[in-house]
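Biologist: I am new to this structure and would like to learn how to read it. Could you take me through some features step by step?

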Amino acid sequence: MKKVSVIVPAYNAHDTLARCLGSLVHQTLENIEIIVVNDASKDDTWEIMKRCESQFPDKVTIINSGINSGPGGARNIGIDASTGEYIGLVDADDYVAATMYEKLYEQAEKNKTDIADCGFYRESNDKALLTVSDDLEGELDDYKRSKLICSGGYLVTKIFKRELFNDPQIRMQRNMTALEDFEILIYMYLRAKSISAVKEVLYNYCDTAGSSTKMTDLDIYYDSVYRAMKGTYETCHAMPTYEGSQRAVEYMLVNIYSYGINRCLHDQIAMLGPGMKNVGKYFEKISVHERELIKNLVMLRHEVIHIDYDENPEIIKRIAPLDLKIIKRCDELFVC
């Protein structure tokens, strides 16, 4: 069995894949496997993958998927093929420090934790983030899980005991173009018994040209919001740790609920400007299509969010007053 399996979904990754794989094949951790899944790319991604495998046959396994299933679906294929004690995930746009998986593996083994995390650097705004502070490490309880859920974090900065994916089996949603890690990250925080962290920035996130399209196209982004909300509730609400972290989970659900509403209202907000006095006006001239999308989102909101906004301290503390007012006005106008 390998120590760590690193899964890399790749779609039309001509410009970035060589750098990504270069950072992985030169990891200082011995006994690592790198599984690269070609998600039906239309460029020369598969050729790049084949060259890498021929150079590093002892480390690299490549899989050619004939059907595009998005990053979640491609990751599922890689997870199914993996053999590692731990599973890590890297996006083909990004790259990692040479010592990342050695340090994460040693941290997880030393502390006997289900998850080990590290810092995340975002090139576009020159900011680094560490989401697992000292007080959140160790055995997880309701307080720690809630704090971790509210802080968000990223799948790609972590390694996970393979049992978290396989006992019981959990996989990611296919064909989601945004928020594909939302459901699985919350599930992992609820499922894991313990977490530790390397207090170093080891993962580099790189914004690539065209990556914002999925955020600006209404129907594509709305689909991701809807499925992330629905999938998270269906996957997590029956877990024994859910009730203790429900306020945190519902804050996260309300947060992306707000994203979905605001995306539907984007043109009106842009025209009228952000402001409390304009909240009622935002809904007056939206299209029939936007109205239908919001109506469906409100119906889903009633299925998955059960704590009143004003009774959830995480929402009061973390949701901007203007966004909360828009949410409440939306709920009033689209009563189920």
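Modeller: Gladly! Let's begin with a term: a residue is buried under 20% relative accessible area, exposed over 50%, and partly exposed in between. Please keep in mind that this is a predicted model.

Biologist: Thanks. Is Asn-12 buried, partly exposed or exposed?

Modeller: Asn-12 has 33% relative accessibility, so it counts as partly exposed. Its place is the loop between E1 and H1. Look at its backbone too: phi of Asn-12 is near 45 degrees, a positive value in a residue other than glycine.

Biologist: Which loop holds Asn-31, and what is its phi?

Modeller: Asn-31 sits in the loop between H1 and E2. Its phi is positive, about 60 degrees, although Asn-31 is not a glycine. With 35% relative accessibility, Asn-31 counts as partly exposed.

Biologist: Now helices, please. How do I read which side of a helix faces inwards?

Modeller: Here is the general idea: an α-helix has 3.6 residues a turn, so residues three or four places apart point the same way. Now take helix H2, residues 45–55, whose buried residues are Thr-45, Ile-48, Met-49 and Cys-52. They cover an arc of only 100 degrees around the axis, which puts them on the same side of H2.

Biologist: What covers those buried residues of H2?

Modeller: The cover includes strands E1 (4–10), E2 (32–39) and E3 (60–65), together with helix H1 (17–25).

Biologist: And what can I see at the ends of helix H5?

Modeller: After H5 comes Gly-152, whose phi is positive, near 80 degrees. Along H5 (residues 142–151), the buried residues are Lys-144, Arg-145, Ser-146, Leu-148, Ile-149 and Cys-150. Among the elements covering them are helix H7 (182–191), strand E10 (194–205) and helix H10 (246–264).

Biologist: How should I think about the nonpolar core?

Modeller: In soluble globular proteins, nonpolar side chains tend to be buried together. Here the largest nonpolar core has 111 residues, and Val-8, Leu-24, Tyr-101 and Met-229 touch the most other members. H10 gives the largest share of this core, 10 residues. Leaving aside neighbours within four places in sequence, the contacts of Val-8 include Leu-17, Cys-20, Leu-24 and Ile-34.

Biologist: What about Pro-9: where is it, and which residues is it in contact with?

Modeller: Pro-9 is in strand E1 and counts as buried at 10% relative accessibility. Apart from neighbours within four places in sequence, it is in contact with Val-37, Pro-71, Ala-74, Arg-75, Val-90, Asp-91 and Ala-92.

Technical notes: Residues are numbered from 1 along each chain as its sequence is written. This is a predicted model: local features need pLDDT of at least 70, side-chain atom pairs count only at pLDDT 80 or more; totals for chains, interfaces and linings use all residues. Side-chain values use heavy atoms; hydrogens and water are left out. Buried means under 20% relative accessible area, exposed over 50%, partly exposed in between (1.4 Å probe, protein chains only). Helices (H or I, at least four residues) and strands (E, at least two) are DSSP runs, numbered from the N terminus. The arc is that of the directions from the helix axis to the C-beta atoms. Contact means heavy atoms within 4.5 Å. A nonpolar core is a set of buried Ala, Val, Leu, Ile, Met, Phe, Trp, Tyr and Cys residues joined through side-chain atoms within 4.5 Å.
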